[in-house]
Amino acid sequence: MREEAGAELSGLTTLGMGGTCAVALSLDSREDLPAFEARRKELGLPCEVLARGSNILAREGRHELVLVRPCFADAPALASAEAAGAELGVEEGAWPEGTVFVTCGAGVALPRLLAFLRDAGLSGMEGLAGIPGSVGGAVAMNAGSFGCETGACLASVEVWNGEALVRIPRQGFDVGYRHFAVKGALEPVLVVSAAFALTPAPSSGIAERMQANLLAKKSRQPVTARSAGCVFKNPPEGPSAGMLLDRAGFRGRTRGGVALSEMHANFLVNRGGGTAEDAFALLGEAQEAVLAKFGVALEYEVRVLPCRSF
Ligand SMILES: Cc1cc2nc3c(=O)[nH]c(=O)nc-3n(C[C@H](O)[C@H](O)[C@H](O)COP(=O)(O)OP(=O)(O)OC[C@H]3O[C@@H](n4cnc5c(N)ncnc54)[C@H](O)[C@@H]3O)c2cc1C
């Protein structure tokens with residue numbers, strides 16, 4: 001386990017904003033978990049998980065909390081049929097015949113898992129191409145795009161519950177729009193690894209679909225700007241959040257060093273020197289305008305840090 005005092009959130013988030021945390025604990029392997037548990041008790045502070053920081057809007061100031069960095073790097077690997085049942089908790093008949101299971105550490109970059117699946121000829125997650133998070137972050141957020149969600153392929157997850165590593169089978173968790181929760185858990189859990197269920201298919205077709213999704217993403221979203229992806233969730237029905245923001249006049253609107261992108265109004269971008277104070281002021285103004293004009297209360301899709309603690 002690595003420990004860093006006064007970790008700076010601007011360096012740990014893709015938006016590049018935010019203050020400092022009392023301490024960051026980076027967990028490199030499962031063997032670090034007991035020491036982590038002892039250290040967090042010793043510190044007596046709330047914990048928040050931050051992986052690649054690509055969905056985080058961090059507040060300014062000094063936050064009295066422990067930032068947990070899940071770096072579990074077990075490379076993507078094919079699981080045998082026996083392991084699927086015995087170790088991964090996959091129920092017989094839960095997935096179509098011929099399904100192939102792949103395990104991966106939570107700290108692995110999602111693009112690396114997707115490259116493995118492409119080369120192995122395993123289909124199901126092509127829509128996630130271009131999402132810059134970790135595998136654990138994709139699970140925790142149920143990240144999705146182009147009609148594909150992480151949770152749809154999720155066979156089981158391995159989590160640390162504060163005392164032990166436990167394997168949660170599919171029926172033990174709920175997934176929804178940008179939502180993942182272990183049933184019955186009172187606090188958010190730390191995802192250590194995940195097992196995915198995939199369908200064999202020609203690599204060439206998988207590569208083509210991933211490439212097409214990447215190009216579509218690049219043509220619609222400011223992917224090279226400092227952002228955290230979509231800042232608000234789409235309402236359950238009606239126009240998307242981006243469309244509402246656009247119609248309320250917020251496309252390209254700036255405040256200090258931040259802006260809602262010209263390219264996609266639901267992308268908050270840091271134009272350089274942007275602060276969380278600017279961001280919350282602009283986002284609050286946008287929420288008020290959309291509520292007044294369309295009667296829709298926009299909710300954050302990004303996780304505001306400090307947000308939920310365990
Ligand atoms: C350019 C760009 C494009 C994007 N496009 C998309 C998109 O198309 N679709 C989409 O859904 N998202 C998109 N995102 C948002 C983001 O990349 C995803 O939500 C991603 O899955 C977050 O992963 P992360 O590792 O960065 O997690 P973080 O941002 O570090 O954390 C996000 C949340 O997950 C929790 N978390 C992270 N890891 C773990 C873990 N191991 N155990 C428990 N909890 C954990 C954190 O506590 C936090 O609440 C985009 C972001 C950017 C910058």
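Two residues are in contact here if their C-beta atoms, placed from the backbone, lie within 7 Å. With that criterion in place, let me turn to the chain, which is a predicted model. Among its contacts between residues at least 6 apart in sequence, 67% join residues at least 24 apart.

I shall begin with the overall fold. The chain contains seven helices and 20 strands. Its radius of gyration is 20 Å, close to the 19 Å that the globule rule gives for 310 residues, so the chain is as compact as a globular protein of that length. Taken along the principal axes, the C-alpha atoms fill a box of roughly 55 × 50 × 30 Å. Of the 310 residues, 43% are buried.

Next, the division into domains. Domain 1 covers 2-70, domain 2 covers 77-217, and domain 3 covers 222-305. How far apart are the centres of domain 1 and domain 3? Taken over C-alpha atoms, the separation is 26 Å. These two domains do touch: 14 residues of domain 1 are in contact with 14 residues of domain 3. On the domain 1 side, strand β4, residues 56-58, gives the largest share, namely three residues. By class, that side of domain 1 divides into six nonpolar, five polar and three charged residues.

L33 belongs to helix α1, which spans residues 33-43. Leaving aside neighbours within four places in sequence, L33 is in contact with L27 and W160. As for its distance to G53, which lies 20 residues away along the chain, the two C-alpha atoms are separated by 21 Å.

I now come to the strands, and to β15 in particular. Nine of the eleven residues of β15 are buried, so this strand is largely enclosed by the rest of the structure. Which strands pair with β15? Strand β7, residues 100-105, runs antiparallel to β15 and is joined to it by six bridges. Within that pairing, T103 stands opposite A195. Strand β11, residues 154-160, is likewise antiparallel to β15, again with six bridges, and here L154 stands opposite F196. Strand β8, residues 122-123, is joined to β15 by two bridges, also in the antiparallel sense. There, S123 has T199 as its bridge partner.

A hairpin deserves a brief mention. Strand β13, residues 173-176, and strand β14, residues 179-182, run antiparallel and are joined by four bridges. V175 is bridged to F180 in β14. Two residues lie between the strands of this hairpin, and R178 in the turn has a positive phi of about 50 degrees.

There is also an open sheet of four strands, in the order β16-β19-β18-β17, with antiparallel pairing. Why is one side of β16 and of β17 left without a neighbour in the sheet? Both β16 and β17, the latter at 254-255, stand at the edges with a single partner strand each, so one side of each has no neighbour there. Further in, strand β18, residues 258-260, pairs with strand β19, residues 267-270, over three bridges in the antiparallel sense. One of the bridged pairs is A259 with V269 in β19.

Finally, the surroundings of the ligand. Which residues come nearest to the ligand? Of the 31 residues around it, the nearest are A51, G133, G136, G137 and G229. Several elements each supply at least two residues of this shell: β3 (47-49), α4 (135-141), β9 (144-145), β15 (190-200) and β16 (226-230). The largest share comes from α4, with five residues. In its make-up, the shell has 16 nonpolar, twelve polar and three charged residues.

The largely enclosed strand β15 is among the elements that supply at least two residues of the shell. Thank you for your attention.

Conventions
Residues are numbered from 1 along each chain as its sequence is written. This is a predicted model: local features need pLDDT of at least 70, side-chain atom pairs count only at pLDDT 80 or more; totals for chains, interfaces and linings use all residues. The radius of gyration is taken over C-alpha atoms; the globule rule is 2.2 Å times the number of residues to the power 0.38. A residue is buried if 20 or more other C-beta atoms lie within 10 Å of its own, exposed if 12 or fewer, and partly exposed in between; C-beta atoms are placed from the backbone. Domain bounds come from an automatic or database domain assignment. Ala, Val, Leu, Ile, Met, Phe, Trp, Tyr, Cys and Pro count as nonpolar, Asp, Glu, Lys and Arg as charged, and the others, Gly among them, as polar. A residue is near a molecule or strand if its C-beta atom, placed from the backbone, lies within 6 Å of it. Two strands pair if DSSP finds at least two bridges between them.
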